[in-house]
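Please open the model in your viewer and keep the selection panel at hand.

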Amino acid sequence: MPKQSALDTLLELAQTRTDDAAKRLGALNAQGVDMEAKLALLVQYWQEYSSRFQASMKQGITASGWRNYQEFLDKLDAAIVQQRGLLAATQQRVENSRLDWQSARRTLKSYHTLAQRQMRVELLHLARHEQKETDEYAVNAAARPKE
């Protein structure tokens, strides 16, 4: 079995780094989608509750009922603000993760390019060696006396 070259080791490490970065990016993307859905649900719930509050106000509402609606809408507002902050932070992590993955992918491609160049050099060297052996065989065959 041929000894593993330093370039092969670098290729394996770069592939592992790229795979890991892709997994992290996928997980963060899924987390971002989940957070967007939660935010949309909170906004939808706020809109529905606000509509109910408006309808109750038209029909007449007690002071305690009004206060309860307002307190709950304030809590929903705070939850929406908090969710937007979490979403923004997650989107930033997604972007950073995307940059990490792209960097890892560029490194991997660079190592692949180096490996291909090395392979071409080795094949050229092998072809020259085989041609030299073929030429030497032809010279030796021509120098042999004919029977």
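Begin by selecting R98 and E95, which stand 3 residues apart in helix α2 (residues 63-143), a separation of about one helical turn. Helices here are DSSP runs (H or I, at least four residues), numbered from the N terminus. This is a predicted model, in which local features need pLDDT of at least 70 and side-chain atom pairs count only at pLDDT 80 or more, while totals for chains, interfaces and linings use all residues. Residues are numbered from 1 along each chain as its sequence is written, and side-chain values use heavy atoms, with hydrogens and water left out.

Display the side chains of R98 and E95: they meet in a salt bridge at 2.8 Å, N to O. The term denotes a side-chain nitrogen of Lys or Arg within 4 Å of a carboxyl oxygen of Asp or Glu. R98 is partly exposed at 28% relative accessibility, and E95 is partly exposed at 32%. Partly exposed lies between buried (under 20% relative accessible area) and exposed (over 50%), with a 1.4 Å probe and protein chains only.

Next, select D34 and K38. Both belong to helix α1 (residues 6-59), 4 residues apart, or about one turn of the helix.

M119 is partly exposed, with a relative accessible area of 46%.

Key. Helix = DSSP H or I, 4+ residues; strand = E, 2+ residues; numbered from the N terminus.
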